[in-house]
Amino acid sequence: MGKATGFIDYKREEANERDPKTRTRDWNEYAAPFSDATLKTQGARCMDCGTPFCHIGMEIGGATSGCPIYNLIPEWNDLVYKGKWKEALERLMLTNNFPEFTGRVCPAPCEGSCTVAISDPAVAIKNIERAIIDKGFENGWITPRIPQKRTGKKVAIIGSGPAGMASADQLNQAGHTVTVYERADRAGGLLMYGIPNMKLEKEVVERRINLLRQEGIDFILNTEIGKDILAEELREQYDAVILCTGAQQQRDLVIKGRESKGVHIAMDYLTVSTKMLLDDKLAIQPEFDAAGKDVIVIGGGDTGADCIATAVRQGAKSVTQFGKHPQLPLARSADNQWPEYPHVFGLEYAHKEAKAVYGEDPRQYSIQTTKFVKDEQGNLKELHTIDMQKVRNEKGMFVYQEVEGSEKVWPAELVLIAIGFEGTETPLLTEFGVNVTPNKRVEAAYGDYRTNVDKVFAAGDARRGQSLIVWAINEGRDVAKQVDLQLMGETVLP
């Protein structure tokens with residue numbers, strides 16, 4: 001612990017963001033780096049706790065508390081304070097394969113369980129993490145780690161998201177020959193097409209994938225298992241297969257008028273928007289273009305916020321976001337105590353941008369869409385809503401009920417449905433013959449990851465359901481360890 005009174009002497013510095021209105025004119029990352037001097041003082045705020053709750057990595061009250069990949073946060077905070085950046089990078093890379101991703105898009109459950117956060121704002125862990133890895137790339141400290149020998153074992157990984165890439169990285173370093181299959185035209189999974197450029201620039205994703213390629217991992221793109229290559233062929237060609245396909249079965253809103261032209265699933269909208277940004281030859285698709293339209297996003301989560309930021313940049317006439325829950329409190333409630341993840345009100349990057357452009361926070365709370373209305377040509381022209389209130393029923397359980405007389409009509413030409421995911425897409429699972437849970441996840445025990453099919457494993461969102469990037473990395477690293485053990489009888493992986 002470099003400065004014993006650092007958490008008393010220094011205040012937390014919030015993320016160094018570009019001006020909300022200015023940044024909506026481009027697609028570059030909205031967050032800018034801190035200076036080294038600021039990072040030094042922020043690192044000094046770490047208390048180096050006897051029990052560092054920042055990396056307990058567990059679920060409390062249904063939400064993640066602490067870092068699931070058990071980053072050695074107090075250690076690299078102290079090293080940053082002392083200016084020992086290369087040593088900080090070495091400690092960070094011991095537990096995290098991709099800090100450049102988590103340092104940008106992770107919701108930072110580590111900060112929610114930071115001991116300083118009991119009474120003061122948490123240590124700026126996420127910003128320090130990003131700075132460490134960015135400085136590693138800038139100074140040439142990140143170089144290809146090519147295994148000195150190969151085991152002769154071959155592993156196929158289906159899906160190139162964070163779980164797939166983490167397992168590929170680990171198994172490659174163990175000396176196995178790893179091939180990653182991806183059905184999209186670019187590797188990265190949701191990191192590439194599910195998260196917009198202003199949160200995670202695609203050069204950052206491609207830089208890591210190119211590094212993995214240099215280390216010996218083969219990425220085969222535009223390849224769908226069951227269509228371009230059969231599951232049985234993979235099982236014959238490889239010593240193990242890992243399913244890391246994510247939980248991309250998107251939840252739809254099946255109500256009257258759903259067939260109206262202009263109602264889309266959020267992830268389809270984000271994917272098309274990113275593809276158009278990355279490929280100048282692709283013409284903008286009118287049905288996915290928000291320019292000049294009244295846009296409504298249904299769903300209050302991160303995906304919905306990303307849709308807001310995208311629509312603002314496309315030049316939407318207006319943007320509104322619906323959420324079924326009430327507005328969060330300004331401070332932790334009595335049933336949301338530290339070290340749980342803090343469920344408190346805040347302005348995400350997209351909300352700040354919409355407020356700067358349109359003059360108000362785009363969010364509407366405790367509201368439910370009842371129907372879509374189209375014109376004579378089948379184009380969406382409006383949607384209808386009713387307010388909801390949270391009450392206790394006769395059994396003492398909280399339920400939502402409609403508020404009489406609160407019906408409202410909203411003009412809308414583009415609606416984006418961002419109400420979460422139902423589970424893993426089933427055709428691939430049927431192709432492999434793996435057992436599926438009632439909630440459409442691959443049946444495989446956490447810590448073991450084996451499915452009912454010989455040599456086939458599953459990890460990440462495909463196994464646990466929609467979750468955080470850090471959980472995907474956790475499971476990617478963990479399944480690699482189990483596969484290595486199965487193939488070699490012992491494992492060298494952490």
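Biologist: How far apart are the end C-alpha atoms of residues 24–140, and how much of the span is helix?
Modeller: This is a predicted model, and in it those end atoms lie 32 Å apart. The span is 44% helix and 7% strand.

Biologist: Which feature does UniProt place there?
Modeller: An unreviewed UniProt entry gives residues 24–140 as "domain: Dihydroprymidine dehydrogenase".

Biologist: OK, helices. At what angle do H5 and H8 pack?
Modeller: About 110 degrees, with the axes 9 Å apart. H5 covers residues 85–93 and H8 covers residues 125–138. Angles of 65 to 115 degrees count as roughly perpendicular, so that's what we call H5 relative to H8.

Biologist: Which residues make the contact?
Modeller: From H5, you've got Trp85, Ala88, Leu89, Leu92 and Met93. H8 brings Glu129, Ala131, Ile132, Ile133, Lys135 and Gly136. By type, the residues of this contact split into 8 nonpolar, 1 polar and 2 charged.

Biologist: New topic: what's the strand order in the open sheet of 5 strands?
Modeller: S10-S18-S11-S12-S13, with parallel pairing.

Biologist: Why is one side of S10 and of S13 left without a neighbour?
Modeller: Because S10 (263–265) and S13 (363–364) stand at the edges, where each has a single partner strand.

Biologist: How many bridges join S12 and S13?
Modeller: There are 2 bridges, in the parallel sense. Gln321 stands opposite Arg363 in S13.

Biologist: And which strands does H14 touch?
Modeller: H14 (residues 302–314) packs on the sheet against S11, S12 and S18. Its direction makes about 175 degrees with that of S12. Helix H13 (residues 266–278) packs on the sheet too, touching S10 and S18, and its direction is about 80 degrees from that of S10.

Conventions. Residues are numbered from 1 along each chain as its sequence is written. This is a predicted model: local features need pLDDT of at least 70, side-chain atom pairs count only at pLDDT 80 or more; totals for chains, interfaces and linings use all residues. Side-chain values use heavy atoms; hydrogens and water are left out. Axes are lines fitted to C-alpha atoms, for helices over the stretch in contact, and angles run from 0 to 180 degrees between N-to-C directions. Helices (H or I, at least four residues) and strands (E, at least two) are DSSP runs, numbered from the N terminus. Angles under 35 degrees count as roughly parallel, over 145 as roughly antiparallel, 65 to 115 as roughly perpendicular and the rest as oblique. Contact means heavy atoms within 4.5 Å. Ala, Val, Leu, Ile, Met, Phe, Trp, Tyr, Cys and Pro count as nonpolar, Asp, Glu, Lys and Arg as charged, and the others, Gly among them, as polar. UniProt positions are given in the numbering used here, feature names are shortened, and annotations may be inferred rather than shown by experiment. Two strands pair if DSSP finds at least two bridges between them.
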